[in-house]
Every structure is written in structure tokens, then in C-alpha cells.
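Here is a short briefing on one protein chain. Have the sequence and the model side by side as you read.

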Amino acid sequence: MNASDQNETTERPHRTLRDEEPYVLFAQLERLSELVKLRPRENEDGLRFLARLRASTTPEEAVTFTAFAALPTNAAGWGYECLRLMADHLHPQERPMMQQIAAWLSNPTIRMRHEIMKEALWAPARGPSVLLGLAVGWSTGRPAPNDPEPAPVHKAPVAINSAVLSCLARVPLSQRSVYLARILDMAESLFRAY
């Protein structure tokens, strides 16, 4: 077995979220503070901040916060579940990418992650599943065998956020709040598991 066949589960910690409190995450991750306007209070934990975002006039920011607060592999898994929830709003040509992501989530090898990244980069259109494929590629380690360094920390969360929100934008307006509520219920489960 070569290095690219190795399973990435050894890189996966048992926790679901980054160690930092929301206040610290905002200070450390510039892209997060650019995308989410509501600010966490000092000593406010992630679940409480998520609830405030959810109750705000822009509850979509709770999606963004979750994409950044969860560890990249867990965030990709959550993003996959969000897209699966809205599967009726994915185009048929997006299904193969979703199948590849599902396979990687159940057996996360480096080789499979690199293959997903390659297909996502060369995809003719950047729909939600392709954006999620890019996030998978950037989630752990180097995005390709010949890349000398891992992707910047913000790349995977930005792609996950874009994947979920772009798919949500395809949902008819009359149903959008129902889907958003279910997506944020799944987000809460990540914070409760922490």
C-alpha cells in the first residue's frame, strides 16, 4: 500500500469542533469575520452563538459559522448531509460527485480525496456538489500529491458554506425556511456532540 492509499481516519480526532471559542475563532480567522457580521460575545460558547445567529435577521450566517467552527472533515460531512437533505434540488450531473464524497466520508483515503479534488477542479460547472468536492480536497492535508503544503485554513469552510447556501438558494422561497431550520438542527447536533 502506498502513502496515498492510507486511510485518513487516523488524522480525524474524536471531537467535532475546533477547540477555540467563537470569540477566538473570529480573531484568528479573518474570512469568518468578513462573512459573518454578528459578533460573538466574550465567553459565549459555540452553541449559544449559533442560537443567536439562528434567531437573527440573517440566519444564513449560522451556516457560515458552522462551516468554520467544525473541524474540516466534520464540516464536510455536515455539508454532505445538508446537500443530501436538498437532493431534489441538485442537478442529475451532480450525483456522481455526491457518491464520491459519500464514499470518501465512509473510507477517507488520501487517494480518494485527491481524486475528488481533481474532478472538482476540472468540473464544467461549479454547482453545490462540486463546491463540496473542493472542500473535501482542501479539508485535510495537501489537496494534490504534488502540492508542497496544505491549503489555507479558510478554503474548506468557505467552499462548504458556498455549497450549502448555493443549494439552499435553489429551494423555492416558500420552502427555504423549512430547509434552513433542518440544516441548522443538524448544525446544533455538531455543537452538542462537542
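E44 is buried in this predicted model. Its relative accessible area is 7%, which falls under the 20% cut-off for a buried residue. The side chain of E44 meets that of R52 in a salt bridge, at 2.8 Å from N to O. Eight salt bridges turn up in a search of the whole structure.

**The R170–E94 pair**
- R170 and E94 form a salt bridge through their side chains, with an N to O distance of 2.7 Å.
- This pair links distant parts of the chain, as its partners are 76 residues apart.
- R170 lies in helix α9, which covers residues 155–170.
- E94 sits in the loop between α5 (72–85) and α6 (95–106).
- E94 counts as buried, at 5% relative accessibility.
- R170 is partly exposed, with a relative accessible area of 30%.

- Salt bridges with shared partners join R54, D185, E188 and R192 into one network.
- R192 is exposed, because its relative accessible area of 58% is over the 50% cut-off.
- E188 is buried, with a relative accessible area of 17%.

**Fold**
- The protein chain has 10 helices and zero strands.
- Along the sequence, the pattern reads α-α-α-α-α-α-α-α-α-α.
- Take the contacts between residues at least 6 apart in sequence: 67% of them join residues at least 24 apart.

**Size and packing**
- The radius of gyration of the protein chain is 16 Å.
- The C-alpha atoms fill a box of roughly 50 × 35 × 25 Å along the principal axes.
- Of the 194 residues, 47% count as buried.

**Surface and charge**
- The accessible surface of the protein chain comes to about 9,900 Å².
- Carbon and sulfur atoms account for 53% of that surface.
- The protein chain carries 22 positive and 22 negative charges.

Key: Residues numbered from 1 in each chain as written. Predicted model: local features only at pLDDT ≥ 70, side-chain atom pairs only at ≥ 80, totals over all residues. Heavy atoms only, no water. Salt bridge = Lys/Arg side-chain N within 4 Å of Asp/Glu carboxyl O. Buried < 20%, exposed > 50% of the residue type's maximum accessible area, 1.4 Å probe, protein only. Helix = DSSP H or I, 4+ residues; strand = E, 2+ residues; numbered from the N terminus. Rg over C-alpha atoms; globule rule 2.2 N^0.38 Å. Contact = heavy atoms within 4.5 Å. Areas by Shrake-Rupley, 256 points an atom, 1.4 Å probe, with all protein chains shown as cover. Lys, Arg positive; Asp, Glu negative; His and termini not counted. Charge placed at Lys NZ, Arg CZ, Asp CG, Glu CD.
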